[in-house]
Amino acid sequence: MKKRLFLSAGVLALCAVAASALAQDNKFRIGLILPMTGQQATTGRQIEAAVRLYMAQNGDTVAGKKIELILKDDTSIPDVTKRLAQELVVNDKVNVLAGFGITPSALATAPIATQSKTPLVVMAAATSSITQASPYVVRTSFTLAQAAVAMGDWAPKNGIKKVVTLVSDYGPGIDAEKYFKERFILSGGQVSESLRVPMRNPDFAPFLQKVRDLKPDALFVFVPSGAGAAVMKQFLERGMDKAGIKLIGTGDVTDDDQLNDMGNGALGVVTSHHYSAAHPSALNKKFVDAFAKANKGLRPNFMAVGGYDGMRVIYEALRATKGQGGGDALLAAMKGQIFESPRGPMFIDAQTRDVVQNIYLRKVEKKDGQLYNVEFDVIKDVKDPGKSQ
Ligand code: PHB
């Protein structure tokens, strides 16, 4: 009797193990960590919407696996991002980590990707060094170096000789400042002052006053997505445009999430970036329409496209590994992917795991009564300039 009891307990335990293994087999879990609240909440909102749109359009079963999305709000606090990633890997056994609204969150989490051999798909953060923080990082957003170099080349050819730079004082801002300056000076431009504003709760007023006094031809700006409208408002309130100072920057400042509410004062602002909601391709029109339809008319910004393409990279890696791959196999299948994105052509460089893409020069114009970043020039297939130095 005792023996039989023992046996059946053993059989039960075996069944439990088999059942859980089966459940595991049939599910593919994506741990999506985003700032859904706090200063970077628009990034979270845009990426979540894009990820859900991709799943709605492409189904939630790939290579026999049911995709399970586990969304966590890190409030853009790096320690929270790291803790959530640890829990997702250990407790939820996620197959992929994704999201990462800001650079410090991505950097804090990179060691967890390395230790657990879990691919980490960066959909937003854009400091060059992130891909070097772990061999498991793959990026589908952009780098500030990519965007800033294009502006550093364009400005001196277009009558801008003297510039003040104003950037958020952390990774992407420092990259933007460095790569813009380097190229601008190489073409004979002069940077009279480089100002850095705190990343958290910045007050732009004293910095803008200083810029006004220095009276450069242009002010080059990088602020993270979500902060552009405040810069634009204070720039116009101080009459800097009327004083003959142009506003230029990477496309983060004329973010499609906010641009249409910035008013006519934004007209004519030239920026360099990898994505505009006005990108004139059939695929992008379809993306913008479907995104708006699913989200009460919301216009996708560059964060959304990073999320959408990140899901593409994950889905195709799962398909290529026939649902059987562990972290290393998935990572290998992410490297070298090449496809048409709503932003234009892009590929994931197999060596660097970073995105190679077109960078566009754009000017804010009114189209059908709305403000858009209208592309007027393109630099094709730009690799991250931050990797070769
Ligand atoms: C970043 O923290 O890497 C970051 C955030 C927002 C941007 C660009 C870069 O618009």
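Below is a tour of a helix and then of a sheet.

Before you click anything, keep in mind that this is a predicted model.

Select residues 103-116, which make up helix α4. How far apart are its end C-alpha atoms? They sit 20 Å apart, and that agrees with expectation, because 14 residues at 1.5 Å a residue should span 20 Å. Now look along the helix for Thr 109: there is a kink of about 35° here, shortly before the proline Pro 111.

**Stop two: what the helix packs against.** Show the side chains of α4. Its buried residues include Thr 103, Ala 106, Thr 109 and Ile 112. Which elements do the buried residues of α4 pack against? Colour α3 (78-90), β4 (96-99), β5 (120-122) and α6 (171-186) to see them. Then step on to Lys 117, which follows α4 and has a positive phi, near 55°.

**Stop three: the sheet.** Switch to a cartoon view and find the open sheet of 6 strands, with mixed pairing. Reading across, the order goes β2-β3-β1-β4-β5-β6. β2 (61-62) and β6 (137-139) are at the edges; each has a single partner strand, so one side of each is left without a neighbour in the sheet.

Zoom in on β5 and β6, a parallel pair with 3 bridges. Here Val 121 is opposite Val 138 in β6.

**Last stop: a helix on the sheet.** Select residues 302-320, helix α10, which packs on the sheet and touches β1, β2, β3, β4, β5 and β6. The direction of α10 makes about 160° with that of β1 (27-34).

Notes
Residues numbered from 1 in each chain as written. Predicted model: local features only at pLDDT ≥ 70, side-chain atom pairs only at ≥ 80, totals over all residues. Heavy atoms only, no water. Helix = DSSP H or I, 4+ residues; strand = E, 2+ residues; numbered from the N terminus. Expected span 1.5 Å × (residues − 1). Bend = angle between axes of the 7 residues up to and from the residue. Buried < 20%, exposed > 50% of the residue type's maximum accessible area, 1.4 Å probe, protein only. Contact = heavy atoms within 4.5 Å. Pairing = 2+ DSSP bridges. Axes fitted to C-alpha atoms, helices over the stretch in contact; angles between N-to-C directions.
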